[in-house]
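Subject: Handover of a structure model

Dear colleague,

Please find below the structure that I am handing over to you.

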Amino acid sequence: MVIISIISVNTIAPIIVGLERGFSREVYIDTLKIIPFMWMIVVLSVRLVAGPIVGKVMKKLPSHLA
């Protein structure tokens, strides 16, 4: 989960900020300042939202598909 979240935060955050403010080195450096906060949001979202949803869906699947 750590690897996926780091990859997604390091690609999604710079792209969004770049689209809003233009792509430049200064914008990317500004983005690096918010990446730790974005990483925490991604991890919490996966643990608190996606995890329980996947758990419920997996219980409903037939045993030969799970």
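Predicted model: local features only at pLDDT ≥ 70, side-chain atom pairs only at ≥ 80, totals over all residues.

Overall form

The protein chain contains 2 helices and 0 strands. Its C-alpha atoms occupy a box of roughly 50 × 20 × 15 Å along the principal axes. The radius of gyration is 16 Å, whereas a compact globule of 66 residues would have one near 11 Å. Of the 66 residues in the chain, 17% count as buried.

The helix pair

Two packed helices are described by the angle between their axes and the distance between the axes. Here, helix α1 spans residues 2–21 and helix α2 spans residues 25–60. Their axes come within 8 Å and cross at roughly 135 degrees, which makes α1 oblique to α2. The crossing in which α1 passes α2 is right-handed.

On the α1 side, the contact is made by V2, S5, I6, S8, V9, N10, A13, P14, V17, G18 and R21. On the α2 side, V27, Y28, D30, T31, I34, I35, M38, W39, V42 and V43 take part.

Individual residues

I34 lies in helix α2 and belongs to the contact with α1. With a relative accessible area of 35%, I34 is partly exposed, because that class covers values between the 20% limit for buried and the 50% limit for exposed. P14, which is one of the α1 residues in the contact, is 20 residues from I34 in sequence, and their C-alpha atoms are 9.6 Å apart in space.

G51 is also placed in helix α2. Its relative accessible area is 38%, so G51 is likewise partly exposed.

L19 lies in helix α1. Is L19 buried or exposed? At 64% relative accessibility, L19 counts as exposed, because the value is over 50%. L19 and K59 are 40 residues apart in sequence, and their C-alpha atoms are 40 Å apart in space.

Yours sincerely

Definitions and conventions. Residues numbered from 1 in each chain as written. Heavy atoms only, no water. Axes fitted to C-alpha atoms, helices over the stretch in contact; angles between N-to-C directions. Helix = DSSP H or I, 4+ residues; strand = E, 2+ residues; numbered from the N terminus. Parallel < 35°, antiparallel > 145°, perpendicular 65-115°, else oblique. Left-handed = near helix turned anticlockwise from the far one by under 90°. Contact = heavy atoms within 4.5 Å. Rg over C-alpha atoms; globule rule 2.2 N^0.38 Å. Buried < 20%, exposed > 50% of the residue type's maximum accessible area, 1.4 Å probe, protein only.
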